[in-house]
Amino acid sequence: MATTTAAQRRADARAGFDAYLAECPARQLLERIGDKWVSLVVNALADGPQRYGDLRRRLAGVSEKMLTQTLRALERDGLLTRTVTAAVPARVDYALTPLGAGLLPLLGAIKDWAEEHMPEVLAHREAHDRGGAD
């Protein structure tokens with residue numbers, strides 16, 4: 001019986017997923033991490049644990065319902081933890097897990113790219129809406 005290494009087992013597990021297939025769980029995960037609120041929450045937690053109210057203030061425009069749904073989904077996927085500390089009122093902190101922290105370089109780079117290239121994108125949108133091409 002041949003033994004397999006951890007790297008081989010991970011490669012075998014990855015081979016079982018194909019995000020191009022509609023029913024693939026990897027596609028569901030891509031949908032989750034492609035959500036704007038997920039990206040913003042993960043980036044907001046890059047500096048460490050935060051309370052719900054702090055996240056709500058930082059993420060301008062997010063509704064309570066959407067933030068709650070996003071946090072619950074990220075907790076379910078193992079990307080963040082929710083820690084309740086007994087106090088009056090109870091204190092709830094959210095923090096990235098090591099799995100969630102692994103997304104930081106990717107989502108941070110996408111956020112940085114969007115901020116850097118927004119003037120160019122706006123110019124293209126304006127040209128397109130005028131019916132011209134640049």
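Reader: How are helix 3 and helix 7 oriented to each other: roughly parallel or roughly perpendicular?

Author: The model is a predicted one, and what follows should be read with that in mind. Two packed helices are described by the angle between their axes and the distance between the axes. For helix 3, which covers residues 36-44, and helix 7, which covers residues 104-129, the angle is about 110° and the axes lie 9 Å apart. Angles from 65 to 115 degrees count as roughly perpendicular, and helix 3 and helix 7 are therefore roughly perpendicular to each other. The crossing in which helix 3 passes helix 7 is left-handed. On the side of helix 3 the contact is made by Ser39, Val42 and Asn43, while helix 7 contributes Leu104, Leu107, Gly108 and Lys111. Sorted by class, this contact of helix 3 with helix 7 holds 3 nonpolar, 3 polar and 1 charged residues.

Helix 3 also packs with helix 5 (residues 64-76), at an angle of about 75° and with the axes 10 Å apart. Helix 3 and helix 5 are therefore roughly perpendicular to each other as well. Here helix 3 makes the contact through Trp37, Val38 and Val41, and helix 5 through Met66, Leu67, Thr70, Leu71 and Leu74. By class, the contact of helix 3 with helix 5 has 7 nonpolar residues, 1 polar residue and no charged ones.

The largest pocket holds about 200 Å³ of space, and its lining consists of Ala26, Leu29, Ile33, Asp77, Leu79, Leu99 and Leu103. Helix 2 (residues 25-33) gives the most to this lining, with 3 residues. Of the lining residues of the largest pocket, 6 are nonpolar, none is polar and 1 is charged.

A final local feature concerns the backbone. Most peptide bonds are trans, but the bond from valine 88 to proline 89 is cis, with omega near -5°. Proline 89 sits in the loop between strand 2 (80-85) and strand 3 (91-96).

Technical notes: Residues are numbered from 1 along each chain as its sequence is written. This is a predicted model: local features need pLDDT of at least 70, side-chain atom pairs count only at pLDDT 80 or more; totals for chains, interfaces and linings use all residues. Side-chain values use heavy atoms; hydrogens and water are left out. On a 1 Å grid over the protein atoms alone, a cavity is a set of points where a 1.4 Å probe fits but cannot get out, and a pocket is an open set with protein on both sides within 12 Å along at least five of seven lines; lining residues have an atom within 4 Å of a point. Grid points are joined across faces, edges and corners, and a volume is the space filled by probe spheres set on the points. Helices (H or I, at least four residues) and strands (E, at least two) are DSSP runs, numbered from the N terminus. Ala, Val, Leu, Ile, Met, Phe, Trp, Tyr, Cys and Pro count as nonpolar, Asp, Glu, Lys and Arg as charged, and the others, Gly among them, as polar. Axes are lines fitted to C-alpha atoms, for helices over the stretch in contact, and angles run from 0 to 180 degrees between N-to-C directions. Angles under 35 degrees count as roughly parallel, over 145 as roughly antiparallel, 65 to 115 as roughly perpendicular and the rest as oblique. A crossing is left-handed if the near helix is turned anticlockwise from the far one by less than a right angle, and right-handed if clockwise. Contact means heavy atoms within 4.5 Å.
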